[in-house]
Amino acid sequence: MAPNSPETQPQVAYPPAPPRTLDKRLSPTDRDDLIAAFNTGTTQKTLAAKYGISTRSIKRLVHGFSNRPQATRNRLTTSQRDAIIHTYATTGIPQAQLARDYGVDVSTIKRILREARST
């Protein structure tokens with residue numbers, strides 16, 4: 001017999017319990033409190049320990065609910081994207097300057113320009 005074969009594994013007294021959904025582990029009030037705490041900057045690790053769930057569960061729970069300022073502060077509108085493309089094509093302003101002007105990272109400007117070239 002192989003060392004890790006099923007025949008050599010010790011028997012367990014109870015079979016593993018089926019996973020429970022977040023809805024069964026957290027009340028609606030707990031979910032709201034958790035999301036509010038996440039949005040004010042509490043770490044996922046701290047929240048996971050407090051509510052007895054994994055950090056992955058925290059990520060799944062708050063996905064789409066985050067309203068942290070840094071998550072939306074630098075979002076560009078369609079008109080801003082068009083202006084970036086037009087300005088870069090007509091004036092040749094460096095990408096770094098466009099990034100400073102619009103308050104975004106240079107990689108964002110590069111991505112916008114790359115997407116414009118591909119369409």
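**Helix 3 against helix 4**

I started with how helix 3 and helix 4 pack: the angle is about 105 degrees and the axes are 8 Å apart. I noted how this is defined: axes are lines fitted to C-alpha atoms, for helices over the stretch in contact, and angles run from 0 to 180 degrees between N-to-C directions. That makes helix 3 roughly perpendicular to helix 4. The cut-offs I used are under 35 degrees for roughly parallel, over 145 for roughly antiparallel, 65 to 115 for roughly perpendicular, and oblique for the rest. On the helix 3 side, Gln 44, Lys 45, Leu 47 and Ala 48 make the contact, and on the helix 4 side I found Thr 55, Ile 58 and Lys 59. Contact here means heavy atoms within 4.5 Å.

**What I am looking at**

This is a predicted model, where local features need pLDDT of at least 70 and side-chain atom pairs count only at pLDDT 80 or more, while totals for chains, interfaces and linings use all residues. Residues are numbered from 1 along each chain as its sequence is written, and side-chain values use heavy atoms, with hydrogens and water left out.

I listed the elements next: the chain has eight helices and zero strands. Helices (H or I, at least four residues) and strands (E, at least two) are DSSP runs, numbered from the N terminus. Along the sequence I read the pattern α-α-α-α-α-α-α-α.

Which residues of helix 4 are buried? I found Ser 57, Ile 58, Leu 61 and Val 62, in a helix that covers residues 55-62. Buried means under 20% relative accessible area, exposed over 50%, and partly exposed in between (1.4 Å probe, protein chains only). Looking down the axis of helix 4, I see its buried residues fall within an arc of 120 degrees, so they line one face of the helix. The arc is that of the directions from the helix axis to the C-beta atoms. I jotted down the general rule too: an α-helix has 3.6 residues a turn, so residues three or four places apart point the same way. Arg 56 and Arg 60 are exposed on the other side of helix 4. The buried residues of helix 4 pack against helix 1 (22-25), helix 2 (28-39) and helix 3 (44-51).

Just after helix 3, I spotted Gly 52 with a positive phi of about 70 degrees.

Helix 2 and helix 4 pack at about 90 degrees, with axes 10 Å apart. They are therefore roughly perpendicular to each other. From helix 2, Arg 31, Leu 34, Ile 35 and Phe 38 meet Ile 58, Leu 61 and Val 62 of helix 4.

I then looked up the largest nonpolar core, which has 13 residues; Leu 26, Leu 34, Leu 47, Tyr 51, Ile 53, Ile 58 and Leu 61 have the most contacts inside it. A nonpolar core is a set of buried Ala, Val, Leu, Ile, Met, Phe, Trp, Tyr and Cys residues joined through side-chain atoms within 4.5 Å. Helix 2, helix 3 and helix 4 each supply at least two residues of this core. Helix 2 gives the most, with four residues. I also checked Leu 47: leaving out residues up to four places away in sequence, it touches Leu 34, Ala 37, Phe 38, Thr 42 and Ile 58. A second, separate core of eight residues includes Ile 84, Leu 98, Ala 99 and Ile 109.

**Helix 6 and helix 8**

Helix 6 (residues 78-91) packs with helix 8 at about 80 degrees, their axes 10 Å apart. That makes helix 6 roughly perpendicular to helix 8. I found Arg 81, Ile 84, Ile 85 and Tyr 88 of helix 6 in contact with Ile 109, Arg 111, Ile 112, Leu 113, Glu 115 and Ala 116 of helix 8.

**Whole chain**

Last, I noted that buried residues make up 23% of the 119 residues in the chain.
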